[in-house]
Amino acid sequence: MPKVTQQHMDARRKQILDAARRCFLRDGFHSTSMQDLFAEAQLSAGAVYRYFTSKDEMILAIAEDNMRDVLDITLAVAANQQGRSMGEVMAELLDVIRVKSVEEDVAGLAVLVWGEAMRNRSLAQGMDHFMGRIRTNLITLVREHQENGGLPVDVSAEAIASTMLSILPGYILQVALLDPAVVAEVPDAVRALWPGPAAGGR
């Protein structure tokens, strides 16, 4: 029997998750059966179960994929700010969400995942883990901007980071439900609200 390469396994996993995304966006989590997923992926039950033992595992994997891009951006920015303002950081996060929503409708999936997380403890824990890491990165950035005068120091870095993080769900919800033109200028508005140190510091 020929050896299955990691590249083949990654491609098969992506095939399954792409099919799951289409099903979930079309019919919702609970109306989608495993049989629906097998048919959409054009794979046998055994082939799918080799990668995911349940629908819940697929939902969690999709949720993690949705969050990973945002986490990667915050990690990259935390490692190398290059003089960027907090507004630019947040705007970049929003731009990632917008692009990924056009490509894969991550905003629509995020809204579905939030609802499911209210009843699915494993999914809620996974979301809490990713959001916690993003929040930690933002706290680090906020503290650095407080030190260089770009953000006020009379409010805790934790509170400012939580406030900035609160922008993401509202933006995602609007991207999922409203005309794109409604939120087209939001990244520019965020840049203006949190400019660089020279314009901030009050």
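This is a predicted model: local features need pLDDT of at least 70, side-chain atom pairs count only at pLDDT 80 or more; totals for chains, interfaces and linings use all residues.
1. Setting aside neighbours within four places in sequence, Val 142 is in contact with Met 86, Leu 151, Ala 157, Ile 160, Ala 161 and Met 164. Val 142 is one of the buried residues of helix H7.

2. Val 142 also belongs to the largest nonpolar core, which has 56 residues. Phe 24, Met 58, Leu 138, Val 142 and Leu 168 touch the most other members. Two or more residues come from each of helix H1 (6-27), helix H2 (34-41), helix H3 (45-49), helix H4 (55-79), helix H5 (86-104), H6, H7 and helix H8 (157-177). H4 gives the most, with nine residues. In soluble globular proteins, nonpolar side chains tend to be buried together.

3. Look next at H7 itself. This helix covers residues 121-147, 27 residues in total. From first C-alpha to last, H7 reaches 38 Å, close to the 39 Å expected at 1.5 Å a residue. Its buried residues include Leu 123, Phe 130, Ile 134 and Leu 138, but also Asn 137, His 145 and Gln 146.

4. Check both ends of H7. At the start, a side-chain oxygen of Asn 120 comes to within 3.1 Å of the backbone nitrogen of Ser 122. Just after the helix, Gly 149 has a positive phi of about 90 degrees.

5. Is Glu 116 buried or exposed? Glu 116 is buried, because its relative accessible area is 4%, under the 20% cut-off. Glu 116 sits in helix H6, residues 106-117. Not counting residues up to four places away in sequence, Glu 116 touches Phe 29, His 30, Asp 56, Ile 59 and Leu 123. Of these, Leu 123 is a buried residue of H7.

How values were computed
Residues are numbered from 1 along each chain as its sequence is written. Side-chain values use heavy atoms; hydrogens and water are left out. Helices (H or I, at least four residues) and strands (E, at least two) are DSSP runs, numbered from the N terminus. Buried means under 20% relative accessible area, exposed over 50%, partly exposed in between (1.4 Å probe, protein chains only). Contact means heavy atoms within 4.5 Å. The expected span of a helix is 1.5 Å times one less than its number of residues. A polar contact is a pair of N or O atoms within 3.5 Å; within protein, one must be able to donate a hydrogen and the other to accept it, and residues adjacent in sequence count only if both atoms are side-chain atoms. A nonpolar core is a set of buried Ala, Val, Leu, Ile, Met, Phe, Trp, Tyr and Cys residues joined through side-chain atoms within 4.5 Å.
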